[in-house]
Amino acid sequence: ALENIHYPENKPDSYYKDQYEIFLQLKEALEKTGNFFEALKLKAISKEALRKIKSIPKSDKCILKINFWSNEHGLSISKPFFGLLTFSIIFYILYLLSIGRIFTSAKFDWTLVGQYFTFLDLTHIKDFLIPKSEFTMRSLLIDFINKLIVGFFIYHFIFPVFLQPIQIFHL
């Protein structure tokens, strides 16, 4: 309880920790009633309260901030989807530049558009466009960083959609 309701900016030290605990309890109550959609919202709100607790390590706060940025703590599937498209296209163009397959004087190779989907596959073989002997450190580094970023966004896209017990048809 607030000591003085006329000064709500004067919060006790445990304010955000109390908020976090309350939202978790409300989330669990909603899950027990089968209201998974609202429970997911409260989970996201509780994560934001958790991020504001002063005693939380900076590394955990950073993870919570990245999770909010990437998918709003599981509430957004559009953020990771568009993040996946944006970063993968940028890295694909950088990869094609590093192997000399784009922006050259030669005619544009339309098969590169289809090869983009191979590049999106986290398990693609490295020599899907050029032989291994033509790799440079830069092209391998771009490919590796792309796999990390694509994997990150795929996880943040799939997790809210398939791993959360949201009953879409009961809304």
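Accessible areas here come from the Shrake-Rupley method with a 1.4 Å probe, and for residues only the protein chains shown count as cover. This is a predicted model, where local features need pLDDT of at least 70, side-chain atom pairs count only at pLDDT 80 or more, and totals for chains, interfaces and linings use all residues. Residues are numbered from 1 along each chain as its sequence is written, and side-chain values use heavy atoms, leaving out hydrogens and water.

View 1. Helices (H or I, at least four residues) and strands (E, at least two) are DSSP runs, numbered from the N terminus. The chain exposes about 11700 Å², with carbon and sulfur atoms supplying 65% of that. Of its 171 residues, 29% count as buried; buried means under 20% relative accessible area, exposed means over 50%, and partly exposed is in between (1.4 Å probe, protein chains only).

**View 2. Helix H1 covers residues 15-32.** Its 18 residues reach 26 Å from first C-alpha to last, close to the 26 Å expected at 1.5 Å a residue (the expected span is 1.5 Å times one less than the number of residues). Tyr20, Phe23 and Lys27 are the buried ones to look for. Seen down the axis of H1, the buried residues fall within an arc of 70°, so they line one face of the helix; the arc is that of the directions from the helix axis to the C-beta atoms. Helix H2 (36-51) is part of what covers them. Over on the other side of H1, Gln25 and Lys32 are exposed. Just after H1, glycine 34 takes a positive phi of about 90°.

**View 3. Lysine 41 and glutamate 38 meet in a salt bridge (3.4 Å, N to O).** A salt bridge is a side-chain nitrogen of Lys or Arg within 4 Å of a carboxyl oxygen of Asp or Glu. The two residues are 3 apart in helix H2, which puts about one helical turn between them. Lysine 41 is partly exposed at 33% relative accessibility, and glutamate 38 is partly exposed at 31%.

**View 4. Aspartate 109 forms a salt bridge with arginine 101.** Their closest N and O atoms are 2.9 Å apart. Aspartate 109 is partly exposed at 27% relative accessibility, and arginine 101 is partly exposed with a relative accessible area of 27%.

**View 5. Lysine 147, in helix H6 (residues 137-163), touches Leu122, His124 and Lys126.** Those contacts (heavy atoms within 4.5 Å) leave out residues up to four places away in sequence.
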